Amino acid sequence: MEASIKTENLTKCFGSFTAVNNITFKVDKGEIFGFLGANGAGKTTAMRMLCGLLHPTSGKASVAGFDVFTQREQIKKNIGYMSQKFSLYEDLTIKENINFFGTIYGLSNTKIKEKTEQLLIRLNLMEEANSLVASLPLGWKQKLSFSLALIHDPKIVFLDEPTGGVDPITRRQFWELIYETADSGTTVFVTTHYMDEAEYCNRVSIMVDGKIEAIDTPDNLKKLFDASTMDEVFYLLARGASTQE
Amino acid sequence: MRTIRALIQKEFKQIFRNKIILRLIIMLPVVQLIILIYAANNDIKNISMGVVDLDRSSTSQKIISKLQASSYFILNDFSTSKKQGIRMLEKGKTDILIEIPHSFEKDIYNNEHPRVAITVNAINSTVAILAASYAGNILGGFAAEYAFSVTQGKIEVPKQINVTNSNWFNPLLDYKSLMLPGVLAILITIMGILLSALNIVREKEMGTIEQLNVTPVTKLQFIIGKLFPFMVVGLFQLTLGLCVAVFLYNLEIQGSIVLLYGVVTVYLFSVLGIGFLISTISDNQVQAMFVMLFFMIIFILLSGLFTSADSMPVWAQGINTINPTYYLVDIIRLVVLKGSTLFDIRKQMTAILIIGLVVNAVVIQSYKKVV
């Protein structure tokens, strides 16, 4: 199967601190890849490098077949990104946000119209279409944010802790959206703190102190570490970390 | 092109939805023009005057009533000794003390040199200089008249050269005419820098700028998308300000209005650039505010709005060569009061344009989509 994301010894240093230390991994097309790690382990830094928001210090990486050093602009056309912090325009309505991001990604007006309708129906936000994003509850905002990251049908979507602070029901719905997305062939690269969510992923990697300590399917990892849940696996690996909260 | 249009539309929607900013945009020019013009008035009237008349003659009486008759002085104290008069000055009851000595009238008749002493409270040196010179003028006029009437033209009064002034471009020496165009320039500066600097920092704080950075929007598109809406806002404020100037203060605009708009557009290009620059070096709105205040106070104080820029020390004039506000205050005054043409103001225009180009080049260089 062709690789969606491929990194080789990717490293990022901030001064003398190495945030991401020689990570090498591969994510296949259509896969849901869980990128786990404690706070400060370097997940967000690694993800920001892959999205073209941050210059890697050394190593190699390609996203959707494009090089992160030289083809950043092509990468941006082919990926969607949902950051940790909610970052749609709160003072615009749902419809206006869809329109805005649709246009920026170069979608035609008819396509935007079609997408808007699909999106509103899928998220059941028909009635709120013209209300300001600021007035929505967090869970709805997150789902909207996710859907907008997909508006231009990217090959890969990066989700940085998408379910932080969201109630269990909405989390469940959120994961349903993720499954739908992966089924349609989009690669999902997701970071999370919740180990139950890790079980939903096809494969996960666990980062400790800037290094990837384990990478496999959740089942294999549990077998390998002789653990019954991903929670235990995570504890075993993260215990030795120096940069825990 | 569609991207830029989407960015501009978004910006306008945000401006119109932000009720406070919207009110500020409309109210600020009107209120500031009304308040500042009256407050920043350099005409000095109603100076509190104390008099010590030791002569108590008909001549000294005439002098005092002459001073009182002018609109500049109000007689607030009539002391019997110089000591008492000085005390009133020290207490701040009076700002100027006119002392007429014992032998004043006698000296006139004996053809000695009659003297009058003027003592001024010079804490505010501008008031002091003006008060003393008003009083001096009135006394001088009195002396000439008096000499003529007493001698009935028989004694030859030393010939004086009579100087008459005609005040060009501001014939009534109306202070408002000088302040109005200047205040207008300051207004456009404040709002321009304020809106542009805070706007981008706010996108940083909200995280929306990162969302834009993962899209294919280019730096240039982003900056044009910010420049254009704020330029429109700035020109709108100019329009509002001009309306106030024309309809409320009956200011006659001598020069071309089109030129005025052209000048302000170029000016906005450079101050908005400065605002963007501030936003790229600030992480939050508080920081941006302080950096902005720092620059704005220097720009405005050195601009020549309140004091003449030509009489500033060389180093200050040096700073002014890169101070866009200095050029704008100058240009607006020239165009509005004197009717200068583009050719007349070409030097200042070139300077503003160069500042704008340099600043915006730095902005494009330093605004990073990738860190």
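Reply: The largest nonpolar core has 128 residues, and A:Leu144, A:Phe146, A:Leu159 and A:Met230 touch the most other members. A nonpolar core here is a set of buried Ala, Val, Leu, Ile, Met, Phe, Trp, Tyr and Cys residues joined through side-chain atoms within 4.5 Å; buried means under 20% relative accessible area (1.4 Å probe, protein chains only). Helix 7 of chain B, residues 175–206, gives the most to this core, with 18 residues. Helices are DSSP runs of H or I with at least four residues, numbered from the N terminus.

This is a predicted model: local features need pLDDT of at least 70, and side-chain atom pairs count only at pLDDT 80 or more, while totals for chains, interfaces and linings use all residues. Residues are numbered from 1 along each chain as its sequence is written, chains are lettered from A in the order in which they are written, and side-chain values use heavy atoms, with hydrogens and water left out.

Beyond its neighbours within four places in sequence, A:Phe146 is in contact (heavy atoms within 4.5 Å) with residues including A:Met82, A:Leu159 and A:Phe174. A second, separate core of 28 residues includes A:Phe25, A:Leu50, A:Met207 and B:Val214.

Where the chains meet, 34 residues of chain A and 26 residues of chain B take part in the contact. Four salt bridges are counted between the two chains, each a side-chain nitrogen of Lys or Arg within 4 Å of a carboxyl oxygen of Asp or Glu. One of them joins B:Lys13 to A:Glu96, with the closest N and O atoms 3.9 Å apart.

Key
Buried means under 20% relative accessible area, exposed over 50%, partly exposed in between (1.4 Å probe, protein chains only). Helices (H or I, at least four residues) and strands (E, at least two) are DSSP runs, numbered from the N terminus.
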